[in-house]
Amino acid sequence: MAGIYIHIPFCKRACHYCNFHFSTTRTHENEIREALLKEVSLQSAYLGKEPVRTIYFGGGTPSLMPDLFLKEMLSAIRANFQVDPDPEITLEANPDDIQPGTVESWVALGINRLSIGVQSFFDADLEWMNRAHNAGMAEDAIRMAQQAGIRNISIDLIYGGPTLPDENWIANLEKAAQLEVPHLSCYALTVEPSTALDLMILKGKKEAVDPDRQARHFELLQSKAPEFGFEHYEISNLAKPGFRSKHNTAYWQGVPYLGIGPSAHSFNGKSRQWNVANNALYLTSIQSGTVPFEEEILTKANRLNEYIMTSLRTMEGLSLERYAAIAGTTAVQELLKATAPHIANGNAILTQTHIRITEKGRFLADGIASDLFVEE
Ligand code: SF4
């Protein structure tokens, strides 16, 4: 099985914290759309005969795309790959793009899951982040999606920012539960180098992010999740039963995927490759019939370290059997030795079959994983 990701590299305006690849200059949008469609056929051999179970329009802002393009993209994917009869098809949408009738037309195209960029139900946060919507638009967007018949809705929420006191973070989670949203992706506000937010903090124009507040918000997320019926199935992702993201779960399980578009990443089990993160260079290259990518052949250590990192972020944890299948049984002993201090301090547990991060250790999961990494 496999997945396909399509990166739409345009946004209406730049959120201050964002370091994804996007452009707010939309002059060459038509040509880029043509190029995205062309890349699908240029990459038609990448997944071999693997059936495609998930398709994900991400970005950038896919909800800016006209229906005709989404339709053509889905047809091109079906013409070039073996797509399952009932794939999960997700579209990332910003609340300001959802109007009466919008979601109905997406449903007619076969889109069956929306990931809505809500971020917060408080205007002060949204203004601080420079989002293009307000809190009322976020609520309306969720309701319109539900009325159009989409049950499988995820919303993004950002925690830990200076404009979000603890009680407002709890209120955001309560609002999501009250609106009956079955999936949440919750991210700590990260100040990425050279983003507008980073520069504003450096110049003293915005308050810096407080790591203690972030840790507190993560603890609140963990404690509130069961109260609202969510399973905290991955560090940043929570779902009601039956609503886990199939696309992202496949990433974490090492399933192959193809990324289409500037900056998109692909993985085929043996190597990773990533397209150039520049719209103009992407366009010129695709127009001349070449996909502009760099590639890294994965060593055994690369594969092990990726497995350690992704599996420890999930509720199920790291399977000792799977680890042994990649690394051999001697390596499992080394892994257990490296895990021992984290078990001793209560941040990890060892069962007969898995290593798991405990609730106490979850906020530190990435650091714990890097302690377990193997050398070449
Ligand atoms: S809409 Fe999404 S991709 Fe675009 S700038 Fe904002 S966070 Fe980044």
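User: Where does Cys186 sit, and what makes that stretch a strand?

Analyst: Cys186 lies in strand E6, residues 183-188. Strands here are DSSP runs of E with at least two residues, helices are runs of H or I with at least four, and both are numbered from the N terminus. Before we go on: this is a predicted model, where local features need pLDDT of at least 70 and side-chain atom pairs count only at pLDDT 80 or more, while totals for chains, interfaces and linings use all residues. Residues are numbered from 1 along each chain as its sequence is written, and side-chain values use heavy atoms, with hydrogens and water left out.

User: Why is Cys186 called buried?

Analyst: Its relative accessible area is 1%. Buried means under 20%, exposed means over 50%, and partly exposed is in between, with a 1.4 Å probe and protein chains only, so Cys186 counts as buried.

User: And which residues is Cys186 in contact with?

Analyst: Leaving aside neighbours within four places in sequence, Cys186 is in contact with Leu157, Tyr159, Trp169, Leu221, Ser236 and Leu238. Contact just means heavy atoms within 4.5 Å. Two of those partners, Trp169 and Leu221, also turn up where helices H6 and H8 meet.

User: OK, H6 and H8: how do they pack?

Analyst: H6 (residues 166-178) and H8 (residues 211-227) pack at about 35°, with their axes 10 Å apart. The axes are lines fitted to C-alpha atoms, for helices over the stretch in contact, and angles run from 0 to 180 degrees between N-to-C directions. H6 brings Asp166, Trp169, Ile170 and Leu173 to the contact, and H8 brings Arg213, Arg216, His217, Leu220, Leu221 and Lys224.

User: How do those contact residues of H6 with H8 divide?

Analyst: Into five nonpolar, one polar and four charged. Nonpolar covers Ala, Val, Leu, Ile, Met, Phe, Trp, Tyr, Cys and Pro, charged covers Asp, Glu, Lys and Arg, and the others, Gly among them, are polar.

User: Back to burial. Is Gln43 buried or exposed, and why?

Analyst: Gln43 has 7% relative accessibility, so it counts as buried. Gln43 lies in the loop between helix H1 (29-42) and strand E2 (52-59). Not counting residues up to four places away in sequence, Gln43 touches Phe81, Leu258, Gly259, Ile260, Gln273 and Val291.

User: What makes the phi of Gln119 worth a look?

Analyst: It is near 70°, a positive value in a residue other than glycine. Gln119 is in strand E4, residues 113-119, and is buried, with a relative accessible area of 5%.

User: Ser194 has a positive phi too. Is Ser194 buried or exposed?

Analyst: At 62% relative accessibility, Ser194 counts as exposed. Its phi is about 70° although it is not a glycine, and its place is in the loop between E6 and helix H7 (196-202).

User: Which peptide bond is the one from Gly59?

Analyst: The bond from Gly59 to Gly60, which is cis, with omega near 20°. Gly60 is in the loop between E2 and helix H2 (67-80).

User: How do you know how the radius of gyration of the whole chain sits against that of a compact globule?

Analyst: The rule is 2.2 Å times the number of residues to the power 0.38, taken over C-alpha atoms. With 376 residues that gives a value near 21 Å, and the protein chain has 21 Å, so the two agree. Of these residues, 55% count as buried, and the chain has 14 helices and 15 strands.
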